[in-house]
Amino acid sequence: MTARVLVLYYSRHGATQQLADAIADGIASVGGEALMRTVTSAGEPASQRDLTVTLADLEQCDALIMGSPTRFGHMASALQQFWESSSSAWLRGVLVDKPGAVFTSSSSMHGGQESTLLSMMVPLLHHGMLITGIPYTVPAIQTTAAGGTPYGASHVEHAAGNQLSQHERQAAQALGARVAQLATQLTARS
Ligand SMILES: Cc1cc2nc3c(=O)[nH]c(=O)nc-3n(C[C@H](O)[C@H](O)[C@H](O)COP(=O)(O)O)c2cc1C
């Protein structure tokens with residue numbers, strides 16, 4: 001079976017989208033399918049590339065990985081707004097027992113990545129998802145001098161520059177592969 005992993009992200013300037021793409025590479029590396037979706041925000045242009053997420057996407061996916069720029073230590077409001085529109089999906093439990101994970105990009109090293117990652121897990125927990133991070137057995141998590149955390153994939157602009165560092169990319173790919181593999185294993189058992 002091909003695991004369909006919803007990669008739901010918001011990106012204003014493209015850094016979070018780079019992480020989303022590395023995660024999609026990881027999903028594909030283990031035979032999964034990445035469903036790339038974004039959200040629209042009032043006053044900010046929508047993505048020209050990926051479709052806007054719908055509640056049907058939550059139902060149809062086997063797993064979900066959500067990414068946001070760090071904004072004052074929290075996810076972007078456009079993503080929070082999407083979750084606040086998801087009550088009907090929550091009532092039907094469409095994400096229950098599906099693997100979930102998170103990722104973020106920030107400008108500074110100590111600018112709130114971990115609070116952003118942890119707080120992004122909260123709506124996923126309310127939806128009954130099985131949260132996973134990136135284990136320290138992934139070498140990039142041990143050696144990174146920029147982003148890449150046990151809480152989720154990340155990029156730090158001031159440390160890595162405009163492009164993902166090699167370790168950030170490896171950590172993001174590992175997260176995508178891990179979630180896709182978990183989804184495959186869980187679906188096979190159910
Ligand atoms: C409103 C706003 C708040 C931000 N807050 C933070 C912050 O708390 N910490 C930080 O390091 N960077 C912060 N940033 C910078 C972004 O997190 C950073 O540039 C990120 O990589 C942008 O991602 P994107 O290219 O996907 O839009 C903020 C940016 C904006 C516009």
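Is glycine 161 buried, exposed or partly exposed? At 27% relative accessibility, glycine 161 counts as partly exposed, where buried means under 20% relative accessible area, exposed over 50% and partly exposed in between (1.4 Å probe, protein chains only). The structure is a predicted model, in which local features need pLDDT of at least 70 and side-chain atom pairs count only at pLDDT 80 or more, while totals for chains, interfaces and linings use all residues. Residues are numbered from 1 along each chain as its sequence is written, and side-chain values use heavy atoms, with hydrogens and water left out.

Glycine 161 belongs to the loop that joins helix H7 (157–160) to helix H8 (166–189). Helices (H or I, at least four residues) and strands (E, at least two) are DSSP runs numbered from the N terminus. Leaving aside residues up to four places away in sequence, glycine 161 touches His155 and Val156; contact here means heavy atoms within 4.5 Å. Between the C-alpha atoms of glycine 161 and alanine 34 there are 26 Å, and the two residues are 127 apart along the chain.

Glycine 100 sits in a strand, S5. With a relative accessible area of 0%, glycine 100 is buried. Its contacts, again not counting residues up to four places away in sequence, are Leu64, Met129, Leu130, Ile131 and Thr132.

Aspartate 97, with phi near 70°, is placed in the loop between helix H4 (87–92) and strand S5 (99–106). Phenylalanine 72, with phi near 50°, is in the loop between strand S4 (63–69) and helix H3 (77–84). The relative accessible area of phenylalanine 72 is 90%, so this residue counts as exposed.

A polar backbone atom of glycine 73 is 3.3 Å from an oxygen atom of the ligand, and a polar backbone atom of glycine 111 is 2.7 Å from a nitrogen atom of the ligand. On its own the ligand has 650 Å² of accessible area, of which the protein covers 77% (Shrake-Rupley method with a 1.4 Å probe; for residues, only the protein chains shown count as cover). Helix H1 and strand S5 are the elements that give two or more residues to the shell around the ligand.

Of the 17 residues around the ligand, those that come nearest are Ser11, Thr16, Thr70, Ser105 and Glu157; a residue is near if one of its heavy atoms lies within 4 Å of the molecule. Serine 11 is in the loop between strand S1 (4–9) and helix H1 (15–29). Its side chain reaches the backbone nitrogen of glycine 14 at 2.9 Å and the backbone nitrogen of glutamine 17 at 3.4 Å. Not counting residues up to four places away in sequence, serine 11 touches Thr16 and Gln17.

Key. A polar contact is a pair of N or O atoms within 3.5 Å; within protein, one must be able to donate a hydrogen and the other to accept it, and residues adjacent in sequence count only if both atoms are side-chain atoms.
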